[in-house]
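Work through the exercises below with the structure in view. Try each task before reading its solution.

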Amino acid sequence: MSMEIYVFSDQRLTAIEDWQQALDRRGAPLRLSAARPFAELSGALPAVLRDRPTAFECDHFDAAELMDEAEDVAFDHRWRHALAFRWGADLAAGEAAFLAAAAYAATTGGCILDGQEGALISPERATDIAAEFEKSGPMIEEVIRRTQQRFGGP
């Protein structure tokens, strides 16, 4: 199962380095790979969360098309750009995606659509969700470890 969030904005950052500066200003413990130009983002975006390598998918999407599909969401206007974030069961990737989305939305004056909730959230709420991922991570990893031991997994 994959999770998705989207940042809608009327302006776009032009470089990963600008996005990194936005993360740094917010005190986010996340380093994004600048190996590809921002305009060419498509697929996995490698990152380092604290000292742990991770990655989340990041793609440019058609904002109008996404807004039309989200007919139950009350957008305040027709946004020009959309950046999609997607990840699977990796909690670090989820935390990284929410931190990255929060910084991007705050810097571009945009909003975040939480795909699971089907609702718009603020950059502050996205940062809170990232903190929830961090807090629950050790507990979830312990449950997985115990389950694997019980059923003979790695």
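**Exercise 1. Surface and burial**

Task: State the accessible surface of this predicted model, and find what share of it belongs to carbon and sulfur atoms.

Solution. Start with the surface: the accessible surface of the protein comes to about 8,400 Å². Carbon and sulfur atoms hold 51% of that area. Next, turn to burial. The protein has 154 residues, and 44% of them are buried. Last, look at contacts with a separation of 6 or more: 61% of these join residues 24 or more positions apart.

**Exercise 2. The elements and the sheet**

Task: List the elements from the N terminus on, then give the order of the strands in the sheet.

Solution. Count first: there are four helices and seven strands. Now place the strands. They form an open sheet in the order E2-E3-E4-E5-E1-E6-E7, and the pairing is antiparallel. The edges are E2 (30-32) and E7 (119-121), each pairing on one side only. From one strand to the next, the twist averages 30°.

**Exercise 3. Strand E1 and its partners**

Task: Find how many bridges join E1 to E5 and how many join E1 to E6.

Solution. Take E5 first: seven bridges link E1 and E5 in the antiparallel sense. Met3 stands opposite Trp87 of E5. Then take E6: E1 and E6 share four bridges, again antiparallel. Here Tyr6 has Leu113 as its bridge partner. Now check burial. Five of the seven residues of E1 are buried, so this strand is largely enclosed by the rest of the structure.

Three bridges join E6 to E7, and the two strands run antiparallel. Asp114 stands opposite Ala119 in E7.

**Exercise 4. Helices on the sheet**

Task: Identify the strands that H1 lies across and those that H3 touches.

Solution. H1 covers residues 16-25 and lies across E2, E3 (44-49), E4 (52-61) and E5 (81-87). Its direction is at about 175° to E2. H3, residues 91-108, packs on the sheet and touches E1 (3-9), E2, E3, E4, E5, E6 and E7. The direction of H3 makes about 50° with that of E4.

**Exercise 5. Pro46 and Thr54**

Task: Decide whether Pro46 and Thr54 are buried or partly exposed.

Solution. Locate both residues: Pro46 is in strand E3, and Thr54 is in strand E4. Buried means under 20% relative accessible area. Thr54 has 9%, so Thr54 is buried. Pro46 has 41%, so Pro46 is partly exposed.

Now compare their surroundings, leaving out residues within four places in sequence. Pro46 is in contact with Arg31, Leu32, Ser33, Thr54 and Ala55. Arg31 is 15 residues from Pro46 in sequence, with 8.8 Å between their C-alpha atoms. Thr54 touches several residues, among them Pro46, Asp90, Ala92 and Ala96.

**Exercise 6. The largest pocket**

Task: Give the volume of the largest pocket and name the element that gives the most to its lining.

Solution. The volume of the largest pocket is about 220 Å³. Its lining has 16 residues; Phe98, Asp114, Ile129, Glu132 and Phe133 lie nearest the centre. E1, H3 and H4 (123-150) are the elements that give two or more residues to this lining. H4 gives the most, with six residues.

Definitions and conventions: Residues are numbered from 1 along each chain as its sequence is written. This is a predicted model: local features need pLDDT of at least 70, side-chain atom pairs count only at pLDDT 80 or more; totals for chains, interfaces and linings use all residues. Side-chain values use heavy atoms; hydrogens and water are left out. Buried means under 20% relative accessible area, exposed over 50%, partly exposed in between (1.4 Å probe, protein chains only). Contact means heavy atoms within 4.5 Å. Accessible areas come from the Shrake-Rupley method with a 1.4 Å probe; for residues, only the protein chains shown count as cover. Two strands pair if DSSP finds at least two bridges between them. Axes are lines fitted to C-alpha atoms, for helices over the stretch in contact, and angles run from 0 to 180 degrees between N-to-C directions. On a 1 Å grid over the protein atoms alone, a cavity is a set of points where a 1.4 Å probe fits but cannot get out, and a pocket is an open set with protein on both sides within 12 Å along at least five of seven lines; lining residues have an atom within 4 Å of a point. Grid points are joined across faces, edges and corners, and a volume is the space filled by probe spheres set on the points.
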